[in-house]
Amino acid sequence: IDTSGSIDQVTLDAFGAEVTAMHAASRPARLVVVYCDSDINHVDEFGPNDELLFKMHGGGGTDFRPPFIYVEENDINPVVGVYLTDLYGPQPETPPNYPFLWCCTTNHTGAFGDTIKVNV
């Protein structure tokens, strides 16, 4: 989840609702939520029956690359990656080796994967 300065509480709440809906529909064995502005500020892990709670962590600049590095360095093998953002910031140049979805509040498009519009 993008938690840079351009993301307000209303937007974070909308992002949380999207993640909660995905979690309810798929009930993954493990859901890793990474909060990132220009650096990773917090990581939550949830199981299939956990209640999801979202709090703002960050509020600085924007860099989309740290979560991709975190996934790689921590041997996380996602079934899919999802980034909730306004897409204002630098993106990784190389796509990950798993399907990827950018859920974006603006009309910007991710450098790889699919991009869908999230209305806030």
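Analyst: First, a term: contact means heavy atoms within 4.5 Å. Note also that this is a predicted model.

User: What percentage of contacts between residues at least 6 apart in the protein chain join residues at least 24 apart?
Analyst: Take the contacts in the protein chain between residues at least 6 apart in sequence. The share of these that join residues at least 24 apart is 45%.

User: What pattern does the protein chain follow along the sequence?
Analyst: The protein chain has 2 helices and 5 strands. Read along the sequence, they give α-β-β-α-β-β-β.

User: What is the radius of gyration of the protein chain?
Analyst: For 120 residues the globule rule gives 14 Å. The chain comes close to that value, so it is as compact as a globular protein of that length. Its radius of gyration is 13 Å.

User: Is S4 buried or exposed?
Analyst: S4 lies in the segment before α1 (9-26). Its relative accessibility is 1%. Buried means under 20%. Therefore S4 counts as buried.

User: Which side chain makes a polar contact with the side chain of S4?
Analyst: Beyond four places in sequence, S4 is in contact with C36, D37, G59, G60, G61 and T62. The polar contact joins two side chains at 2.8 Å. The partner of S4 there is D2.

User: How far apart do the centres of the positive and negative side chains lie?
Analyst: The protein chain has 5 positive side chains and 17 negative ones. The centres of the two sets lie apart by 5 Å.

Methods. Residues are numbered from 1 along each chain as its sequence is written. This is a predicted model: local features need pLDDT of at least 70, side-chain atom pairs count only at pLDDT 80 or more; totals for chains, interfaces and linings use all residues. Side-chain values use heavy atoms; hydrogens and water are left out. Helices (H or I, at least four residues) and strands (E, at least two) are DSSP runs, numbered from the N terminus. Buried means under 20% relative accessible area, exposed over 50%, partly exposed in between (1.4 Å probe, protein chains only). A polar contact is a pair of N or O atoms within 3.5 Å; within protein, one must be able to donate a hydrogen and the other to accept it, and residues adjacent in sequence count only if both atoms are side-chain atoms. The radius of gyration is taken over C-alpha atoms; the globule rule is 2.2 Å times the number of residues to the power 0.38. Lys and Arg count as positive and Asp and Glu as negative; His and the chain ends are not counted. The place of a charge is taken as NZ of Lys, CZ of Arg, CG of Asp or CD of Glu.
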